[in-house]
Amino acid sequence: MEHKQLLSIFDSLSVGVGFFTSDGTLVRCNERFGRIFGADRKMLIEKKLNINDNSIVPDVVKEAVRQSTPVQMSFLYDFDKQREDKRFFSTRTRTCYLKCNGNPLFDNTGKFVNYVFIFEDITEVVKNEEILRQSRKKTELAMKAADIMFWEFDVIAQHFYSDNEPLNGYDESKPVSIALYLETLHPDDRDGIASVMVRMGRGENFTFSFDARVMLPDNPNWQFCTISGAPYEFDANKKVMKYVGTRKNNTDVQKKQQLFYNILNSLPLSVHIKDIEDNFRYVFCNEESKRMFGTSEDKTAYDILGEEEVERIQKTDIEVFNTGKPYFGMERIVLKDGRSYDTIVRKSIIEDDGKRLLLNTRWDQSMENDLKRRAQLLSITLETMNAYTWFFEPARNRVSYGEGFDIKGKKISDVNTVEKFLTLVHPEDKQQFVDTLNKAVDKGDGLWDIEYRIDFKGDGVYEWWETRGVVETSLLNDAPYKFVYGMSQSIDSHKQIELTLLKNKKVQDALVRQNELVLNNTNSGLAYITKDYIVQWENISLCSKSLSYEAYKKGELCYKSAHNRTSPCENCVMKRAFASLQTEQIKFRLDSAHTVEIFATPVLHEDGSVDGVVIRIDDVTEREAMIRELQEAKHQAEQSDKLKSAFLANMSHEIRTPLNAIVGFSELMAYANEEEKNDYIQIINSNNELLLKLINDILDLSKLEAGSVELKYESFDLSDHFNNMVASMRQRIKNQNVTLAAINPYPCCKVILDRNRVAQILTNYVTNAIKYTPKGVIEMGYECKDRGIYFYERYRYRYS
């Protein structure tokens, strides 16, 4: 009975068991053994199948039977291949994985009895393991592709474990401590995350997710990561024993998001997003939207616009939000501060995490409208100036023309190259035109300016034109690309006037030389002295031999050079002429041997003020001797005096000739037409400015050379005087690339200074700075420093 029970148990085993002799012959097996090999167990025993004859069984297993040694292994069993051997029959097909465990059996005497094999069909186990392996491999690849690190935290060990963690060199056997994990975090993120680590260390039941910057060993830059975790395993008291989670690297997403924001903030149009359901609150505004309208994420439309404006604009906002249909049209925006914009707007719906938001994109049409108006104004201006604009590309030898060229009577195709244009230029000006253009293009930047004659009409009549251009060099297809653009203007009328003036100047210079020759050959010495006693011109040393020791020296005080005095003479004839506004006379003995007679005739401005005096000095020594010797010649002497007066009048007339010419042109203006008036005004203003500047410069130079500059101190408000100087200086700036920055630090600054000398010095410095500054900011200012007033002018370069 006991033997039957053992056989029953033997047959019901879940593993296949077979007994083999030492030569490998099967002598016994259970039912499971037969099912594994797909054959009836009785048939297997009856056929006395030998394991050594089975080509499918590995040699290692056969050798273990022969050597009576244990063996344990798994192998692939191919039933289809076994069919080729007719001695073996099986109902099974294809392949399966078998696991065998073989051991030799010995009796009590140590004699070999049988060799027993225990076989298991592990095909499903292998398949499941392969599926699990493939699944894990796919998960690892997916996590690697998504840049996700999986971790497990052991509360008892207080360590993190991971098989794809760069902190442990991707070695899952090496744990990562909390301290090491915290060290990899950015200092600004560390404190907040440390509290989460403390709660994990205590085993609290909570889930978490936070963003942090992490420094990983395989990257020198901070990585933007999202770290998430949740409880995984609990003890009997429901305390968390393990947490699992991930660390997702969002750096690329962060960079793309930053790139997205940078692109939006760089757009020259307004972009903002509104939450219609949250009182039209702005949830995003780019920089242009903030600049134009003053929007920001903490404001609503009611903070930017008036209530009526909000209601008007919100009609289309609500319509787009309700229908989902985009809107494209014109809207005029009037802000609370009074600024207004004519805008082209596009409104559409976007979604963010399932929430519908309104996207507004606005183009400022105001600038375009202003550009149109400016273009029209430019066309009118160029037409009035008889000018046109052009653009030249040296690499392509192509000239294109802009506003104003259609009035020249030439087709663009006739002059669209430099060679074609040169056929119209005067032969004497062609080479200069080519040389200056080539020089400017070779330099690659700067200004190009030339005057030349050209025959646009083709009738042989050349007109004067001036061309001004700007040469620039940029990059085109990674190579330097030069181009020139500018404006050409007819200057024929101005040039003809200039040529006439040059011709008249030559005639005038010749007349001046003749007058000086006449004056220098008279027997009387003449001098022109200003009302401050400075000698401006004299020929006394040439005409009066008795005064050859340089009395009345040019540029010096008359009383200093003539009489070696430090103050005017007591009975100064010039002083009397200034007072009487008439010719005054004086006669005195210059020394023991000479007697001189001086006539002083005042020179007046148009307003009646005195400019100076013309003095005539005659050496009357011989005349006085004749008077003393020939009293009877009194009548002749009186007649001689009259002749001298006439001569002085004639000389005075010659001195006033240039002034009378200016007065004459002024009188002619009453009978001149508009064109002639403009010419006369230009001539008069030009000569007045030149004469006034010359006289002022000579006066200042003479004073400086003589060391007699007098400072006239007075009390005045320097702050107010400085603002006036700044206003005057800004009018002198013609270069748009140069600006004048005034630094006036005090609303009121009372000083005692020479007002005119302060203006003269500071003006000279700033004028030079304006003249020689091609680009940038000129700072003009003053400050109280070291118990004095410190004036300065300095230059600051401006980057474009």
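## Overall picture

Of the protein's 800 residues, 36% count as buried. Please keep in mind as you look around that this is a predicted model. The chain folds into 25 helices and 31 strands. If we take the contacts with a separation of 6 or more, 47% of them are between residues 24 or more positions apart.

Trp151 is buried, because its relative accessible area of 2% falls under the 20% cut-off. Phe160 also counts as buried, at 5% relative accessibility.

Trp151 has a further partner in Phe208: the ring centres are 6.3 Å apart and the planes meet at 15 degrees, so this pair is stacked. Here distant parts of the chain are linked, since Trp151 sits in strand β6 (residues 148–154) and Phe208 in strand β9 (residues 208–214), 57 residues apart. With 11% relative accessibility, Phe208 counts as buried too.

## An aromatic cluster

Which residues form one aromatic cluster? The members are Tyr388, Trp390, Tyr401, Phe421, Phe433, Trp448, Tyr452, Phe456 and Trp465.

Next, a pocket to explore. The second largest pocket has a volume of about 1,000 Å³. Its lining is made up of 28 residues, and those nearest the centre are Leu447, Gly469, Val470, Asn735 and Asn737.

Which element gives the most to this lining? That is β20, with eight residues. At least two lining residues come from each of β19 (446–454), β20 (463–476), β21 (479–490) and α25 (755–772). Sorted by class, the lining of this pocket has 12 polar residues, eight charged and eight nonpolar.

Tyr559 is part of helix α18, which covers residues 558–563. Is Tyr559 buried or exposed? Tyr559 counts as buried, because its relative accessibility is 11%, under the 20% limit.

Leaving aside residues up to four places away in sequence, Tyr559 touches Tyr533, Asn564, Arg565, Thr566, Ser567 and Pro568. Further along the chain, Cys572 lies 13 residues from Tyr559, and the C-alpha atoms of these two residues are separated by 9.3 Å.

## Cysteines

A word on cysteines to finish. A disulfide is a covalent bond that joins the sulfur atoms of two cysteines. How many disulfides does a search of the whole structure find? The search finds zero.

Cys100 counts as buried, at 1% relative accessibility. Cys285 is likewise buried, with a relative accessible area of 2%.

Definitions and conventions
Residues numbered from 1 in each chain as written. Predicted model: local features only at pLDDT ≥ 70, side-chain atom pairs only at ≥ 80, totals over all residues. Heavy atoms only, no water. 1 Å grid on protein atoms, 1.4 Å probe; cavity = no way out; pocket = protein on both sides within 12 Å on 5 of 7 lines; lining within 4 Å. Points joined across faces, edges and corners; volume = space filled by probe spheres on them. Helix = DSSP H or I, 4+ residues; strand = E, 2+ residues; numbered from the N terminus. Nonpolar A, V, L, I, M, F, W, Y, C, P; charged D, E, K, R; others polar. Buried < 20%, exposed > 50% of the residue type's maximum accessible area, 1.4 Å probe, protein only. Contact = heavy atoms within 4.5 Å. Disulfide = S-S within 2.5 Å. Phe/Tyr/Trp six-rings, centres within 6.5 Å; stacked < 30°, edge-to-face > 60°.
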